[in-house]
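Colleague: I would like to learn how to read a model like this one. Could you take me through it feature by feature?

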Amino acid sequence: MSPSGPQPSPATAGMLVLSGLVLGVLLGVLVGSLLDAMGPALVVGVLVGLVAGVAAVVVRFRDL
């Protein structure tokens with residue numbers, strides 16, 4: 001019996017991580033420009049985005 005859902009692909013996982021990272025960077029830039037602390041906010045945004053992207057991959061491909 002074949003699986004009923006769409007087949008997982010490495011491209012999907014990569015795009016999930018990349019989109020989380022981009023959103024984190026954008027959020028870091030926005031917060032950094034509002035607080036006049038671009039460097040620290042950008043670093044925090046990158047870290048948060050990377051963690052969010054990896055978490056999205058784990059949730060998406062949990063049943064593998």
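Modeller: Gladly. The cover over the buried residues of α1 includes α2, where contact means heavy atoms within 4.5 Å. Helices (H or I, at least four residues) and strands (E, at least two) are DSSP runs, numbered from the N terminus. This is a predicted model, in which local features need pLDDT of at least 70 and side-chain atom pairs count only at pLDDT 80 or more, while totals for chains, interfaces and linings use all residues. Residues are numbered from 1 along each chain as its sequence is written, and side-chain values use heavy atoms, with hydrogens and water left out.

Colleague: Which residues of α1 are buried?

Modeller: Buried means under 20% relative accessible area, exposed over 50%, and partly exposed in between (1.4 Å probe, protein chains only). In α1 the buried residues are Ala13, Gly20, Gly24, Gly28 and Gly32. An α-helix has 3.6 residues a turn, so residues three or four places apart point the same way.

Colleague: And which residues are buried in α2?

Modeller: Ala41, Gly45, Gly49, Gly53 and Val57 of α2 are buried, and what covers them includes α1. Val48, also in α2, is partly exposed, with a relative accessible area of 47%.

Colleague: At what angle do α1 and α2 pack?

Modeller: Axes are lines fitted to C-alpha atoms, for helices over the stretch in contact, and angles run from 0 to 180 degrees between N-to-C directions. Helix α1 (residues 10-35) packs against helix α2 (residues 38-60) at about 155°, with axes 7 Å apart. That makes the two roughly antiparallel; angles under 35 degrees count as roughly parallel, over 145 as roughly antiparallel, 65 to 115 as roughly perpendicular and the rest as oblique. Among the residues making the contact are Gly24 and Gly28 of α1 and Gly45 and Gly49 of α2.

Colleague: How many residues of α2 are there, and what span is expected?

Modeller: The expected span of a helix is 1.5 Å times one less than its number of residues. With 23 residues, α2 reaches 32 Å from its first C-alpha to its last, close to the 33 Å expected.
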